[in-house]
Amino acid sequence: MSDLKRFGHAAVGVSTGETEIFSAFESDGPMWSGTGTRSESRHVRFPHPFLEPPCVQVALSMWDIDCNANQRADIQAIEIAEDGFVLRFSTWGDTRVARVRARWMAIGPVRYEEDWSAE
């Protein structure tokens, strides 16, 4: 699916970060010890809000997974708003995941520093 997002006459801001979504190995959590459909989510707050929901790109930056099972993963940015989004990692079947960390980048409209108008 392709989508073009226009930002209008605002400045364009880029915000980046990295978030650990979970660490399940030490606690024998469901991502490590469970089977079937499972997901973990983390709310991410932008350091500075955008004028409208930005475009958000996410990618795995660390994936610690059992090599003796199938490797299945889905990572998404959902519930994207001006001040943040939810980062969701999902797996299914017999996949055993010990830890996951993700990098993210948000691109969207922001106020010009010289803009003196009230919000």
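**Labels and their cut-offs**

Modeller: Start with Arg96, which has a relative accessible area of 28% and is partly exposed.

Colleague: Why is Arg96 called partly exposed?

Modeller: Buried means under 20% relative accessible area, exposed means over 50%, and partly exposed is in between (1.4 Å probe, protein chains only). Arg96 has 28%, so the label is partly exposed. One caution on the source: this is a predicted model, where local features need pLDDT of at least 70, side-chain atom pairs count only at pLDDT 80 or more, and totals for chains, interfaces and linings use all residues. Residues are numbered from 1 along each chain as its sequence is written, and side-chain values use heavy atoms, with hydrogens and water left out.

Colleague: What makes Asp66 and Arg96 a salt bridge?

Modeller: A salt bridge is a side-chain nitrogen of Lys or Arg within 4 Å of a carboxyl oxygen of Asp or Glu. The closest N and O atoms of Asp66 and Arg96 are 2.8 Å apart. That value is within 4 Å, so the pair qualifies. Asp66 sits in the loop between strand 3 and strand 4, while Arg96 sits in the loop between strand 5 and strand 6, 30 residues apart. Helices (H or I, at least four residues) and strands (E, at least two) are DSSP runs, numbered from the N terminus.

Colleague: Is Asp66 buried or exposed?

Modeller: Buried. Its relative accessibility is 13%, which is under 20%.

Colleague: What ties Arg72 to Asp94?

Modeller: Their side chains meet in a salt bridge, 2.9 Å from N to O. Arg72 is in the loop between strand 3 and strand 4, and Asp94 is in the loop between strand 5 and strand 6, so the pair ties together parts that are 22 residues apart in sequence. Arg72 is partly exposed at 22% relative accessibility. Asp94 is partly exposed too, at 35%.

Colleague: How many salt bridges does the structure hold?

Modeller: There are 6. Another one joins the side chains of Glu18 and Arg101, at 3.4 Å from N to O. Glu18 is in strand 1 and Arg101 in strand 6, 83 residues apart. Glu18, Arg101 and Arg103 are linked in a network of salt bridges.

Colleague: How do you know that strand 1 and strand 6 pair?

Modeller: Two strands pair if DSSP finds at least two bridges between them. Here 12 bridges join strand 1 to strand 6, so they pair, and they run antiparallel. One example is Val12, whose bridge partner in strand 6 is Pro109.

Colleague: What makes strand 1 and strand 3 edge strands?

Modeller: The open sheet has 3 strands in the order 1-6-3, with antiparallel pairing. Strand 1 and strand 3 each have a single partner strand, so one side of each is left without a neighbour in the sheet.

Colleague: Which strands pair with strand 5?

Modeller: Strand 2 (residues 38–45) pairs with strand 5 over 8 bridges, in the antiparallel sense. Ser41 stands opposite Arg88 there. Strand 4 (residues 74–81) is also antiparallel to strand 5, over 6 bridges. A hairpin through 2 residues joins strand 4 to strand 5.

Colleague: Why is strand 5 called mostly covered?

Modeller: Count its residues: 7 of the 8 are buried.

Colleague: What makes a group of residues a nonpolar core?

Modeller: A nonpolar core is a set of buried Ala, Val, Leu, Ile, Met, Phe, Trp, Tyr and Cys residues joined through side-chain atoms within 4.5 Å. The largest one here has 21 residues, and Ile21, Phe22, Phe85 and Leu87 have the most contacts inside it. Strand 6 gives the largest share, 6 residues. In soluble globular proteins, nonpolar side chains tend to be buried together.
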